[in-house]
Amino acid sequence: MPHARELGGAPDLSLTDLEARAWAMSFDQPTLVMDLGRVAAHYHALAAGLGRAQIFYAIKANPHEAVLARLAAEGSAFDAASRGEIELCLRLGIPGSRISFGNTIKRASDIAFAHAAGITLFSADSAAEVEKIAANAPGSEVCIRMLAPETDADWPLTRKFGCTPERALELMDLCRARGLRASGISFHVGSQTREPAMWQPVLDAAAALWHAARRAGHDLDLLNIGGGFPATHDTAIPDPTTYAKTVMADVEARFGPVPRIMAEPGRAMVAEAGVIAAEVLLVDRKSDLDTHRWVYLDIGRFSGLAETEGEAIRYSFVTQRDHEPMGPCIIAGPSCDSVDVLYERRPVLLPMGLAPGDRVLIRNTGAYTSSYASVGFNGFPPLAVTTI
């Protein structure tokens, strides 16, 4: 845990309790502060909207042990992408019966490890993956992942994962031939899908596949609607309960009484439960003619802010000078790599008096920050994490 000490002079801003507590601490490196109570609150808000759908938290969003332990205590199950994530759950006492192995690209020995640990639900989108599961986890359940149509999600997940409906039906036949149970289908609408209406084209395609599979004699009983549930960044979104209720109503209208439904939220569970405390290293202009300042922070794309790639996720910033006049700036990280620029196409408004040494809070950064941070590119330490 990073060194922390009391720091006076918190700014007169509209801060959440989490942000106020982060202001009152000082860190010697960029640090993500996670509020476990807010993690639990977001879990229950989503669960209220999802109703009978079971939550399998996407561990990749934030794999901190305290986060997983709190979610386990609240009743969550878990979606793992690797043996490492499975081992982490097992160390925390989470049984294999509460874990799915959702990655469609798995090492054969890791499938065998998962099966030995009691995991019985796997995902696949190719014949080769079905064969690996049959050889290393005989008799298991398999969800066939469908190639989802493109949506307006801020972080799309199309192309790399999933297969066409025609291929999906072939894979269900292969599962049956290999002694596996093709129990359902899965899909992902894309991370940070801001509006429930954006789900509709994907749900239409998934429902067509579901009903075609049942007509073909496959007794499907499991629908995995994946993730995509958003968090607040630069635009307002519906509250999580309302959002999830709307999605579930659309699911029920298309699929009917599906026996089992699961969801794999990640961002919506942890993003708003975290804030990064960072520091300004340098403020400058490249020439006297520059209209924008360059603001360099001690955290960048390689140390936790990878989702600023293409300016896809737009984080909000709080400083001690937000009562001062504001002006546009380009924000960059500290590394000696020219791509370590966070926001340039759409400059960010920050105080004109911002100076080296000033504290900056980066809001709603509990998801896909610590898990994306490098182990030490350019010698900068990975993002530290502490919990309250």
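Author: A crossing of two helices is called right-handed if the near helix is turned clockwise from the far one by less than a right angle, and left-handed if it is turned anticlockwise. In this predicted model, the crossing of H2 and H9 is right-handed.

Reader: Why are H2 and H9 called roughly parallel to each other?

Author: The axes of helix H2 (residues 36–50) and helix H9 (residues 240–255) cross at roughly 30 degrees and come within 7 Å. Angles under 35 degrees count as roughly parallel, and H2 and H9 are therefore given that description.

Reader: Which residues make this contact, and how many of them are nonpolar, polar or charged?

Author: On the H2 side the contact is made by Ala45, Leu46, Ala48, Gly49 and Leu50, and on the H9 side by Pro240, Thr241, Ala244, Lys245 and Met248. Sorted by class, the contact of H2 with H9 has seven nonpolar, two polar and one charged residues; Gly49 is part of the contact, and Gly counts as polar under the scheme used.

Reader: What makes H8 and H9 roughly parallel to each other?

Author: H8 and H9 pack at an angle of about 30 degrees, with their axes 9 Å apart; the cut-off for roughly parallel is under 35 degrees, and the pair is therefore placed in that class. Their crossing is right-handed. In H8, Gln200, Leu203, Asp204, Ala206, Ala207, Trp210 and His211 meet Val247, Asp250, Val251, Arg254 and Phe255 of H9, a contact that by class has seven nonpolar, two polar and three charged residues.

Reader: What makes H4 roughly parallel to H5, and is the crossing left-handed or right-handed?

Author: The axes of helix H4 (residues 83–91) and helix H5 (residues 108–116) come within 10 Å and cross at roughly 20 degrees, and this angle makes H4 roughly parallel to H5. The crossing of H4 and H5 is left-handed. Arg83, Ile86, Glu87 and Leu90 of H4 make the contact with Ser109, Asp110, Phe113 and Ala114 of H5, and by class there are four nonpolar, one polar and three charged residues.

Reader: How do you know that Ser123 counts as buried?

Author: Buried means under 20% relative accessible area, and Ser123, at 6%, therefore falls in that class. The residue lies in strand E5 (residues 121–124). Residues up to four places away in sequence aside, Ser123 touches Phe101, Gly102, Asn103, Thr104, Lys106, Glu129, Ile133 and Cys143.

Reader: Why is Phe317 called buried, and which residues does Phe317 contact?

Author: Phe317 has 13% relative accessibility and so counts as buried, the limit being under 20%. Phe317 belongs to strand E12 (residues 317–319) and, leaving aside neighbours within four places in sequence, is in contact with Leu297, Asp322, Ile331, Tyr343, Val348, Leu350, Val360, Leu361 and Ile362. The C-alpha atoms of Phe317 and Ile276 are separated by 9.6 Å, although the two residues are 41 apart along the chain.

Reader: What makes a set of residues a nonpolar core, and how many residues has the largest one?

Author: The residues must be buried, belong to the listed nonpolar types and be joined through side-chain atoms within 4.5 Å. The largest nonpolar core has 99 residues, and Tyr57, Phe187, Ile225, Phe229 and Ile362 are those with the most contacts inside it. Helix H8 (residues 200–215) contributes the largest share of this core, seven residues. Apart from this core lies another, of 10 residues, including Val33, Ala277, Val318 and Leu361.

How values were computed: Residues are numbered from 1 along each chain as its sequence is written. This is a predicted model: local features need pLDDT of at least 70, side-chain atom pairs count only at pLDDT 80 or more; totals for chains, interfaces and linings use all residues. Side-chain values use heavy atoms; hydrogens and water are left out. Buried means under 20% relative accessible area, exposed over 50%, partly exposed in between (1.4 Å probe, protein chains only). Helices (H or I, at least four residues) and strands (E, at least two) are DSSP runs, numbered from the N terminus. Axes are lines fitted to C-alpha atoms, for helices over the stretch in contact, and angles run from 0 to 180 degrees between N-to-C directions. Angles under 35 degrees count as roughly parallel, over 145 as roughly antiparallel, 65 to 115 as roughly perpendicular and the rest as oblique. Contact means heavy atoms within 4.5 Å.
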